[in-house]
Amino acid sequence: MSQSFDTRKLNANETVNSAPAFRQALLRHLQYTVGKSPQKASIFDWRMALSHTVRDYAVDPWFDATRRTWDEDRKRVYYLSMEFLIGRLLEDQAINLGLRDVIVRVLSEFGLSFADIAEGEPDAALGNGGLGRLAACYLDSMSTVGCPAYGYGLRYEHGLFRQHFEHGRQIETPENWLATDNPWDFNRPEAAYNVGFGGGLAEQDGTSIWTPGSKVIASAHDTPVVGYAGQWANTLRLWAAMPSADLFDLNRFNAGDFAAASEPEALARSLSRVLYPNDTTEGGKELRLSQEYFLTSASVQDILRRYLAGHENLLKLPEFVAIQMNDTHPAIAGPELIRLLVDEHKMDFDTSVSTVTDVLGYTNHTLLPEALERWSVGLMRKVLPRHLQIIETLDTQFIELQGAKENPVRLINNDQVSMGDLAFTTSHKINGVSALHTELVSQDLFPVHNELHPGRIVNITNGITPRRWLKLANPALASLITDTIGAGWETDLERLRELEPYANDSAFREAFGRSKAAAKEHFIQWLAKEHGIQLPAEALFDAQVKRLHEYKRQLLNILWTIAHYQRIKRDPQAGWVPRVKILGGKAAPSYHMAKLIIQLINDVAEVVNNDPETQHLLRVVYPPNYGVSMAEKLIPAADLSEQISTAGMEASGTGNMKFALNGALTIGTLDGANVEIREQVGAENFFLFGLSTEQVAQRRAQEGHARTALEASQTLRDVLQAIAEGTFSPDDHHRYDGLLDAMWNSDWFLVASDFEDYDRAQTEVAECYADAERWQRMAILNVARMGYFSSDRSIRQYMNQIWDVESAL
Ligand code: 26Q
């Protein structure tokens, strides 16, 4: 790959990249696609015209890549995911196509700002959190490294709910990203498949015949995903659910019962209506299981159709097809593929199992028992009777494989199908998402599988795309890097190492400081404009943004914040480092404790921010509706990154990587990818605290550990007492009774056990920040040593270790 950016490689027709050509294309779209003149066009009209123009540039590399994959008969990767948290696309695609500077120039001729126009695009929020964002980063990297690939997902009408606060409480409202046109979408009504549900089984010549009771049409919508420098492009194919024509009850309609006539239609459409807002399982929901099957069946049919268009012999499927399951959500892919090979293509059962296993890979993202998917046999029989039958056979074979074991692991336990065990038995490779997590997956989650199939479990530590999370999100730091080490780091992130010597260069340190100040200023402006909140630029920006979860311990953060507040109150003149506590993230609508923690944070903010004695030293802000676009502004502005989960509970984390890459220092536990980040950046450039995974297990086994820890910490007891006295909830002294009770009597997440050490680490943070030169040095070394966490590295590892596929570049 070229080191310096070469616009000629962006497009076959190099003249297209000039400003005059771009202007002409833009004005053409404004007039003929949008139907407006430059004089009458609104900012929305300009965004539509601009998006269509940029999209045109994506089409040539997209066609080329598709054609070459066919002509060269290449193996393709299929990434199946219930979530793709892609966010906005306009600036991202513009950057990858090398068009950003041209766009800025052309728009300025019309008195328009690219930033303002881009801001109007709704986030495609088709995911909850880390797992969905990882899928989006991997799409970008697969295109950038030239891995022929398709992302398959659902085209939810409503992505993740919108969050706002009323009296500090989270309120959810529907998200509506498709309310206005989606300019990136190529509708492909010809790519449509029937997906069957329910019905019954019949026997014929010893094989089963499944006759579904109903069917729904999956209709494809494609988005081109261009890699950096426009050398390759893949497809994100999202399925929309459509009622089959015979669903509309014409008799009822003609009889005047219009509402009832459209009921079955509405039911069919519900399969792609809304994303489930939980990032752990919500058991027993028929609609969720149906959504998972809908995605999987449509995708697998599409994959086989494409394979059979160029090949006949299904035994060779693994030579040309790799399917990756993003967690167990599409784990019905195993039984579905076996069903198609056996029932439709007449392959024998055992051959089909080994063929399918060679095709499939499974990525595990969690160890939490409540997050491991299980579906009741009753529900499976109702919705997918043939698949249940196949799973029962696989279960029998798996028991046999374990020999005369007394308590064999089973795919079906207590009338529940364990999707993790199913995914394992139907995959040739299973991967965890950080070194520590993979270790725990082998030892705690799949010890028996691991012994039966040594070498099947591999680690692929997560990564993030440096295009969106540095070049796009942090233009000031990105240009400083380019000015210092030259271009090329965008696709070779290890080159950031060349920055290391500059940590000792005072001129560079100053420039680095200015880039951080610029990112802070940008965030401050945005926060003032969007939320009317004013922040002091010189304060330490201390950020924890991620989904709300007890194991992520936002509670530890806010309890320490209260302790800090109490100390400032006691001695306001003690030379405190001014701090802004920034929190953000959504709680699952039914997760009561998580919502209570949000309310506590907002209640504390109300008191702390309005205290004239402390205002200038401590602020707490919780901007609502955290998502990809907010992250792009917030993360570059942070000085300190809070990665404080109970050890052993965060599979990897990827926010931790985004912060460190943008020059924030981490305060964190030895959990997930924190362990590897610390190894890379150096222990001396990382604020470590807390119990290790092993110590967590020991501590939990100690009777009354919560009380013991509390009795040892006067600081924490004072905090809990203030909460109990209603200091932060004067209107309701009992609001936090449940939370306090959990702290004293169970504390599963060991907030009390880790409090004192966290406090020690936070004191170190403040001391360090007071020494600006030292802090700057540490921050620069963090940036310089984060190259390993590029998602390009992760994707190359998947290609080599799991998919056995080669780059087409
Ligand atoms: C399953 C069934 C029914 C309803 C919802 C779900 C569901 C949905 C989303 C279960 C889990 C999720 C999301 C999980 C997730 O985001 N996990 C995170 O994945 C990241 C990428 O690997 C890791 O970095 C994080 O550590 C992990 O928490």
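Predicted model: local features only at pLDDT ≥ 70, side-chain atom pairs only at ≥ 80, totals over all residues.
Three strands make up an open sheet in the order 14-16-15, and their pairing is antiparallel. Strand 14 (374-376) and strand 15 (412-413) each have a single partner strand and stand at the edges, so one side of each is left without a neighbour in the sheet. Strand 14 is joined to strand 16 (residues 416-418) by three bridges, and serine 376 is found opposite glutamine 416 of strand 16.

Across the whole structure, a search finds 24 aromatic pairs. One of them brings together phenylalanine 165 and tyrosine 622, whose ring centres are 5.1 Å apart with the planes at 90 degrees, so the pair is classed as edge-to-face. Because phenylalanine 165 belongs to strand 5 (residues 162-166) and tyrosine 622 to the loop between strand 21 (618-621) and helix 24 (628-637), the pair ties together parts that are 457 residues apart in sequence. Tyrosine 622 has a relative accessibility of 6% and therefore counts as buried. A tilted pair is formed by tyrosine 307 and phenylalanine 320, with 6.3 Å from centre to centre and 50 degrees between the planes; tyrosine 307 lies in helix 10 (residues 286-310) and phenylalanine 320 in helix 11 (residues 317-320), 13 residues apart, and both residues are buried.

The charged end of arginine 55 is placed over the ring of phenylalanine 186, 3.7 Å from its centre, while lysine 586 lies over the face of phenylalanine 161, at 5.4 Å from the ring centre.

Conventions
Residues numbered from 1 in each chain as written. Heavy atoms only, no water. Pairing = 2+ DSSP bridges. Helix = DSSP H or I, 4+ residues; strand = E, 2+ residues; numbered from the N terminus. Phe/Tyr/Trp six-rings, centres within 6.5 Å; stacked < 30°, edge-to-face > 60°. Buried < 20%, exposed > 50% of the residue type's maximum accessible area, 1.4 Å probe, protein only. Lys NZ or Arg CZ within 6 Å of the ring centre and 35° of its normal.
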